Structure formats: structure tokens, C-alpha cells
Amino acid sequence: MPGRIHYTKPSITDREIGYAADAAAHGWGERCYEYIGRFERLFREHLGTRHAIATSSCTGAMHMGLAGLGVGPGDEVILADINWIASAAPATYLGATPVLVDVLPDTWCIDPERAEAAIGPRTKAIIAVHLYGNLCDMDALLDIGRRRGIPVIEDAAEAIGSQWRGRRAGSLGAFGTFSFHGTKTVTTGEGGMFVTSDDALHERVLTLSNHGRSAAQTRQFWPDTVGFKYKMSNVEAAIGCGQLERVEDLIAAKRRILVAYRERLAGLPVRMNPEPAGTVNGAWMPTVVVDEGVGFDRDRLLADFKAAEIDGRVFFWPLSGLSVPARVGPGGTPVAAAIHRRAVNLPSYHDLDDAGIDRVCDVLERHLGACRDRSRTIAA
Ligand SMILES: Cc1ncc(COP(=O)(O)O)c(C=O)c1O
């Protein structure tokens, strides 16, 4: 048996191990922030933003960013219905209500028209989540934000390596957030990043990130406000430094896998992560959405994957069907409801080789062939 194919796992080399060991052995006392500062600098340089604050998670980065924008009880924050709960949860921590809108059928990301239709007097932000590395239509969203005076935020947790007209995902909105969870393209085990080029917002979030102590404090242990504690450790940042020194290779490895799947699955009744002109897809998670009209059974495919020792992953559930304290925007979310049943994420760890990709595609091909045969029998 050739062994199990995991859906993701990090790419860790002697470089990351060496930095982590150095941080564990020496990164204390006056050196306790050394790798954190270096990680933030490398990330700023990679992204092209003026500021970056390393955090313990993307969830924490989003929580602080929304607080920095002044989101509070009774406010509303608009985002797509198809998302991991972590994109919606921070608004609820602040007493705000997520307003869920439909997605576009080709990118599976927020539909800008639906987002604009959902704007009301309490709307404080639109969160553009770049799902699986696919990009939201940032031109349309930023235009809405400018016209309506509403900040557009980017949750770029899944979009390291994605670019919109030459600018990196996460660097276009009022602020951006990233995740370095062990499944992500760049990992620190757990971890996140808050980025912005807005000096005033950065100052507010920096103060919030330090239990409310401003960088300019003159008295020790003097909080000006109640803040948060979502800091990254020096050891995690050391791993992150090793990863960022290899970031272009890590992105290229993920993109190679998406291209290989796309070539191998051409001709089958599926769509994969799009890459419209003027964009680069960071290819965090190659995903197939099976065409309407094919009698596809997602759970049966996942069972077939499991039997072949291949990890498969369900597409995110629409948040409107979960117990999230949210409301649905005008027009409902019919596209989101239809897509998630017809989609699965495919394995894509950096070192997945062609033989592994073939194994995954063989199961998918067999499954779709059986679906086609079943559909024909039913039609006859
Ligand atoms: C789009 C998106 N946003 C937010 C998060 C939360 O990231 P973290 O686990 O670092 O808090 C994730 C992680 O899975 C994610 O995929």
C-alpha cells in the first residue's frame, strides 16, 4: 500500500528547525522579540504593507482589527455565506451581527452586488474572504467601499501567494489578516498576522494587542484601555522566518499542484479554482465543483477517498445553516446553498508528487464515471 495522502501538511526543512532550536535555546531576555520582529519585517516586505503585527491566530488578528475600526454592539459586518466560521466569529465577540450574502458561481467568493444590497445604517465593514486562494473581486468591492464610506477588510488566511492586479491579497483593504495554522501554505504551527498601511489604525491595533498599553507609554504596566493578548511567541516566529525565506518556493509548490490537477482533470464535468486575467491564485486548496446535472454524491466520493487512504474535505458549509448569530442579506444565498453540496477539496501538501495526484484523480474519475452511468440509467 503506497501510504495515506494527507490533505495538507507543512513543508519544514532544517532551516525552520535550526531557527526554532536557536529561539528555544537563546531567544529569551533581551532577545525575546528578535524572531518576532524579523518575521514581521519579512512579512511586510513580502506583502508590501507599511505595518504587520504577528498574532497567535488569524481569528485574533481579525478580532483586534475589527475592534480597531470601532465595530461594536449593534453594528453589522457583511461577508459571504460560504466561509469557515472563523471569518464571522470575531464580529460576534464584539456584539456585532454578521450579515451573510451570496457568492459568485465562478470564484465562490462574495458577490459584490449582494454585498452592496445588504448595506444598512449599521454596516461597519465588508469582509472580503479570499476562499481557498481564489480572489474576491477587489475592484468592485473597493469601489463600493469608497462610494458608501465603508471599509473593506481582507481575510487572506487562505491567500498567501494570491495577487490582484500585481498587488498581494491582504494588502488592498483597510486591513488584512492571515493564518499560519499547520494546514496553511506558510505555517508557524498556530499563528496569524494583522497587516495595514493605515498608520492610525496600526497604532490603535498595536495598543490593543498589548493589553491596551500604547507604544508611547511613559509608565510601566500602564494600560490606557482594555486590550487583547493575541501575541505570537518567538519560537513560532522563528519557524515563520524560515518559512518566509522560502515563501516563493512554498507558493510555487502549491501552484504546481493546482495546475497538475487542472490538466489531469480536464474533460471531466468539474470546475476548479479560477485564475482570471490579471490575477494569480495562490492555490491554497485545489477544489472541484461538479457540474449541475451530474448525479454527484459528495459523501460517497469522500467514502471512496477514505477507502483509498486519501484525505478529502467537504467544502465549507453555508454559515446561514449553522448556529451562528447572523442574518441573511436580501436575495438569500441560493448559489452558496447549491455549490457546497457539489464540491470537495483535494489533497495539496507541498510535496505531493505526480503519483499521488494520479491516485487522487483516479478515484475522482472512477467516481464521476459511475455518476454518469447512474444518471444515464435514471434518464433511460
Ligand atoms: C478564511 C479563514 N479565516 C480565518 C481562519 C482562522 O485562522 P486561525 O485558525 O489562524 O485563527 C481560517 C483558518 O482556517 C481561514 O481559513
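Me: Is the crossing where helix 1 passes helix 8 left-handed or right-handed?

Reply: This is a predicted model. In it, helix 1 passes helix 8 in a right-handed crossing. Arg15, Glu16, Tyr19, Ala20, Ala23 and Ala24 of helix 1 make the contact with Asn234, Val235, Ala238, Ile239, Cys241, Gly242, Gln243 and Glu245 of helix 8. By class, that contact has eight nonpolar, three polar and three charged residues.

Me: Why are helix 1 and helix 8 called roughly antiparallel?

Reply: The axes of helix 1 (residues 14-26) and helix 8 cross at roughly 155° and come within 8 Å. Angles over 145 degrees count as roughly antiparallel. Helix 1 and helix 8 are therefore roughly antiparallel to each other.

Me: What makes helix 3 oblique to helix 7?

Reply: The packing angle of helix 3 (residues 58-68) and helix 7 (residues 199-209) is about 125°, and their axes are 9 Å apart. Roughly perpendicular ends at 115 degrees, and roughly antiparallel needs over 145. The angle therefore makes helix 3 oblique to helix 7. The crossing of helix 3 with helix 7 is right-handed.

Me: Which residues of helix 3 and helix 7 meet?

Reply: From helix 3 come Met64, Gly65, Ala67 and Gly68; from helix 7 come Leu201, Arg204, Val205, Leu208 and Ser209. By class, the contact has five nonpolar, three polar and one charged residues. Gly counts as polar here.

Me: At what angle do helix 2 and helix 8 cross, and how close do their axes come?

Reply: Helix 2 (residues 34-47) and helix 8 (residues 234-245) cross at roughly 35°, with axes that come within 8 Å. Their crossing is left-handed. On helix 2 the contact is made by Glu34, Tyr35, Ile36, Arg38, Phe39, Leu42 and Phe43; on helix 8, by Asn234, Ala237, Ala238, Gly240, Cys241, Leu244 and Glu245. Nine of these residues are nonpolar, two polar and three charged.

Me: Now the ligand. Which of the residues around the ligand come nearest?

Reply: There are 13 residues around the ligand, and Cys58, Thr59, Asp155, Glu158 and Ser179 come nearest.

Conventions. Residues are numbered from 1 along each chain as its sequence is written. This is a predicted model: local features need pLDDT of at least 70, side-chain atom pairs count only at pLDDT 80 or more; totals for chains, interfaces and linings use all residues. Side-chain values use heavy atoms; hydrogens and water are left out. Axes are lines fitted to C-alpha atoms, for helices over the stretch in contact, and angles run from 0 to 180 degrees between N-to-C directions. Helices (H or I, at least four residues) and strands (E, at least two) are DSSP runs, numbered from the N terminus. Angles under 35 degrees count as roughly parallel, over 145 as roughly antiparallel, 65 to 115 as roughly perpendicular and the rest as oblique. A crossing is left-handed if the near helix is turned anticlockwise from the far one by less than a right angle, and right-handed if clockwise. Contact means heavy atoms within 4.5 Å. A residue is near a molecule or strand if one of its heavy atoms lies within 4 Å of it.
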